[in-house]
Amino acid sequence: MSTILKKCSLEDLLKLQEISYETFTETFKDQNSPENLSAYLERAYNLKQLEKELSNISSQFFFVYFNDEVAGYLKVNTNDAQSEEMGDESLEVERIYIRSKFQKHGLGKYLLNKAIEIAMERNKKKIWLGVWEKNENAMAFYKKMGFVQTGAHSFYMGDDEQTDIIMTKTLI
Ligand SMILES: CC(C)(COP(=O)(O)OP(=O)(O)OC[C@H]1O[C@@H](n2cnc3c(N)ncnc32)[C@H](O)[C@@H]1OP(=O)(O)O)[C@@H](O)C(=O)NCCC(=O)NCCS
């Protein structure tokens, strides 16, 4: 049994699109219309968009492998790659997704700790993220990991305006 972390490069584009589609769909399909889900997937995870994000020097993607299978991925942003203006002392966890069959085995914590490690190395003062108010599983996970609610912002799933809770962890 082994857990391996790999930083993604442009060569991982197709693999990134595949896991992005799969994990987003399995997380949100039960609470959203197929039309809104498809609209979001096409807008957020088309190859051109993902290629742009992989090429942005202020963003980093990582795959976590469990026994040679991609079990999940992480995307972190700093500086102006952050989806809100949080300033240069913050790091955003924009995406953290573990495929359902690998959940609850410590891999989410492993990826989040990687994000915290990057933030500390870069002398960031806080780490933050947006989570859909109806995603109770993820919110419970973030609370367990020491995040607290600090705000909210809008998020569009297709044409459905939803509320994302902003959660923050202060780093010492
Ligand atoms: C949220 C997610 C990343 C958590 O990853 P995970 O691998 O399942 O969680 P872990 O096994 O690493 O759990 C880490 C800790 O959080 C706790 N935890 C995880 N989910 C929890 C929950 N729903 N309620 C309470 N505690 C929870 C675990 O018990 C564990 O505690 P421990 O350190 O004392 O053992 C994962 O479930 C996931 O990818 N969900 C679907 C996608 C998603 O919602 N992503 C976030 C979008 S904002």
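The paragraphs below treat the chain and then the ligand site.

This is a predicted model, in which local features need pLDDT of at least 70 and side-chain atom pairs count only at pLDDT 80 or more, while totals for chains, interfaces and linings use all residues. Residues are numbered from 1 along each chain as its sequence is written, and side-chain values use heavy atoms, with hydrogens and water left out.

The protein chain contains 5 helices and 7 strands, where helices (H or I, at least four residues) and strands (E, at least two) are DSSP runs numbered from the N terminus. Starting at that terminus, the order of elements is β-α-α-α-β-β-β-α-β-α-β-β. The C-alpha trace spans about 45 × 40 × 30 Å along its principal axes. For 172 residues a compact globule would have a radius of gyration near 16 Å, and the 15 Å of the protein chain agrees with this; the radius is taken over C-alpha atoms, and the globule rule is 2.2 Å times the number of residues to the power 0.38.

Around the ligand there are 20 residues, the closest being Ile98, Gly106, Lys109, Asn137 and Lys144; a residue is near if one of its heavy atoms lies within 4 Å. Strand E4 (90-98), helix H4 (107-121), strand E5 (126-132) and helix H5 (136-144) each give two or more residues to this shell, and H5 provides the largest share, 6 residues.

Polar contacts are pairs of N or O atoms within 3.5 Å. Oxygen atoms of the ligand lie 2.7 Å from a polar backbone atom of Ile98 and 2.8 Å from one of Lys104. A ligand nitrogen is 2.7 Å from an N or O atom in the side chain of Asn137.

Terms used:
Polar contact = N/O pair within 3.5 Å; in protein donor to acceptor, adjacent residues only side chain to side chain.
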